[in-house]
Amino acid sequence: MKIEVRGLTKTFGQVTAVSDLSFDVVPGAVTGFLGPNGAGKTTTMRMMLDLIAPGSGTVTYAGRRYSDLKRPSATVGAVLDGAGFHPACTARDHLRLYARMGGYGRARAAEVADLTGVSAFGGRATRALSTGMRQRLNLATALLGDPRVLLLDEPSNGLDPEGIAWLRGFLRGLAAEGRTVLVSSHVLTEVENLVDHVVVIRDGRLVLTRPVAELITPERPTLEEAFLHLTGGSP
Amino acid sequence: MTALVAAEWLRLKSSRLWLWGLLAAVGSGLLIGLAALVGPENFNPPMPGLDTEQGTRVLLGLLGFTVFVPALFGTTAVAGEYRHRTVTTTALFAPRRWTWLVAKLAAYTAAGLAYGLLAVTVAGGSIFGAAALKGVTLGLPAGAVAALLGRIALTMAVYTLLGVAVGALLRNQVTALLVVGAYFYMIETALMLVPGVNGLYPFLPGGATAALTSFTYLSEAVATQTGSSATALLPAAAGGAVLVGYALVAAAIAVAAPLRRDIA
């Protein structure tokens, strides 16, 4: 399922967070949504999910806005920075709650818990979870509806190297199944071996959208070097 | 919609909020039982005894005075989503936001009614038990006591709904709880002291509740303190209608408030 972002603009008071942003995210690949801190990545992703109303512009999934999808959580799963949990709720109950909200049943909640490793700490109250465990629980919640599209905002935050490697393999597997995966990050070394395409933004504007293979050159053999060159950083 | 209401029930259960609700309902019921056991004639100032109509009404009115507690639970139900930032995931699973607010209203109105039924059952049992222990007959017939208790239970359901609306409007849990608590315990009572403004009291939630539960002690006490005549309450049915009106306005606010709001 293709995501089409067209002319997205958002201002907060006098500050323009996102300006006339347009790009596509294609299925069967992992697309990196890259930019320095404050570039507008989080605001854009929240607009893609109708959590923030854009000043202008549209985001569609196979032609439909997120809110107009028949079963939104069965089409798009999202792992967002700042999504929380009730502290007294166990990880298992959190999954069951949203499984019920989406109409997926307890068996599916157990399935995604196994898939993401949440089963290992399912009985623990969320207040006692580490950042890495919370990230896994967020990912499990996003997967409840077995969505064709996954949007992940800085998903490796708080994960240890082992967790990052696991996430990389997991997301590559989802893309290989033909799903559409968009991952935002400002840590380029973490997405180096993960993404096939990149969408780079800076100050809320599009810098470029291109396959990674076209960015890497003998002069700039890493994504980080290519990125810094394109965004005006050094080297 | 059924799935959303069921999810709200599960949220209530898994967040342990139900346990606090249970304790508060049983506690407020037992408190009335304790007051009955002590006897209104031993209050300070002394009031008519349990074997008089007025004495029985005072005890039931005291239970009516605890209706703000389920309102706090309703407030917590929505404001807690913002506090713990679960609102993001909730909005992702139900992006048409009015749907989860309607589900919350339905679930918490039912929960408020359950709270009310439990509180009045414990209070009713305690009052009858205390009367039996003291060897006196209540000043009101059992049917009248049951009817008043039933009205209090319904009022508690309405107040829970009012609390949901305040939570949806204010979002900040601490502010919302303070506003609800201060309003019911301080602001309404203070308004009764202001000449001219006190004419509004019968139409405020507290005044309508007092009319519905025939609890005139507060307005009479204020009148005694100020040397004025007590503000006349509405007839019970009109008080009920005013409360239903508040409930409808509150439901509309609760559903409309988050519609255009960014969840950042």
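Let's start with the largest nonpolar core, which has 145 residues. A nonpolar core here is a set of buried Ala, Val, Leu, Ile, Met, Phe, Trp, Tyr and Cys residues joined through C-beta atoms within 7 Å. "Buried" means that 20 or more other C-beta atoms lie within 10 Å of a residue's own, "exposed" means 12 or fewer, and "partly exposed" is in between, with C-beta atoms placed from the backbone. Leu95(A), Leu151(A), Val183(A), Leu161(B) and Leu162(B) have the most contacts inside this core. Its largest share, 16 residues, comes from helix 7 (residues 142-170) of chain B. Domain 1 (3-75 + 148-231) and domain 2 (84-146) of chain A both give residues to the core, so it lies between them.

Before going on, note that this is a predicted model, in which local features need pLDDT of at least 70 and side-chain atom pairs count only at pLDDT 80 or more, while totals for chains, interfaces and linings use all residues. Residues are numbered from 1 along each chain as its sequence is written, and chains are lettered from A and ligands numbered from 1 in the order in which they are written.

Now look at those two domains, whose bounds come from an automatic or database domain assignment. The centres of domain 1 and domain 2 of chain A, taken over C-alpha atoms, are 24 Å apart. Their contact takes 10 residues from domain 1 of chain A and 9 residues from domain 2 of chain A; residues are in contact if their C-beta atoms, placed from the backbone, lie within 7 Å.

Back to Leu151(A): leaving out residues up to four places away in sequence, Leu151(A) touches Met45(A), Met48(A), Leu49(A), Val76(A), Ala78(A) and Leu182(A). Two of these, Val76(A) and Ala78(A), point one way from strand 5 (residues 76-79) of chain A, with Gly77(A) and Val79(A) pointing the other way, and all are buried. In a regular strand the side chains alternate between the two faces of the sheet. Helices (H or I, at least four residues) and strands (E, at least two) are DSSP runs, numbered from the N terminus. Strand 5 of chain A runs parallel to strand 6 (residues 149-153) of chain A, joined by 4 bridges, and two strands pair if DSSP finds at least two bridges between them. Val76(A) stands opposite Val149(A) in strand 6 of chain A.

Chain A also has an open sheet of 3 strands in the order 2-1-4, with antiparallel pairing. Strand 2 (15-25) and strand 4 (56-61) of chain A are at the edges with a single partner strand each, so one side of each has no neighbour in the sheet. Strand 1 (residues 3-12) and strand 4 of chain A share 5 bridges, and Arg6(A) has Thr58(A) as its bridge partner in strand 4 of chain A.

What about the contact between the chains? It takes 24 residues from chain B and 29 residues from chain A. Helix 1 of chain B gives the most to the side of chain B that touches chain A, with 7 residues.

Most residues other than glycine have a negative phi, and most peptide bonds are trans. Yet Asp203(A), not a glycine, has a positive phi of about 50°. Asp203(A) sits in the loop between strand 8 (197-202) and strand 9 (205-211) of chain A, and it counts as partly exposed because it has 15 C-beta neighbours inside 10 Å.

Definitions and conventions
Two residues are in contact if their C-beta atoms, placed from the backbone, lie within 7 Å.
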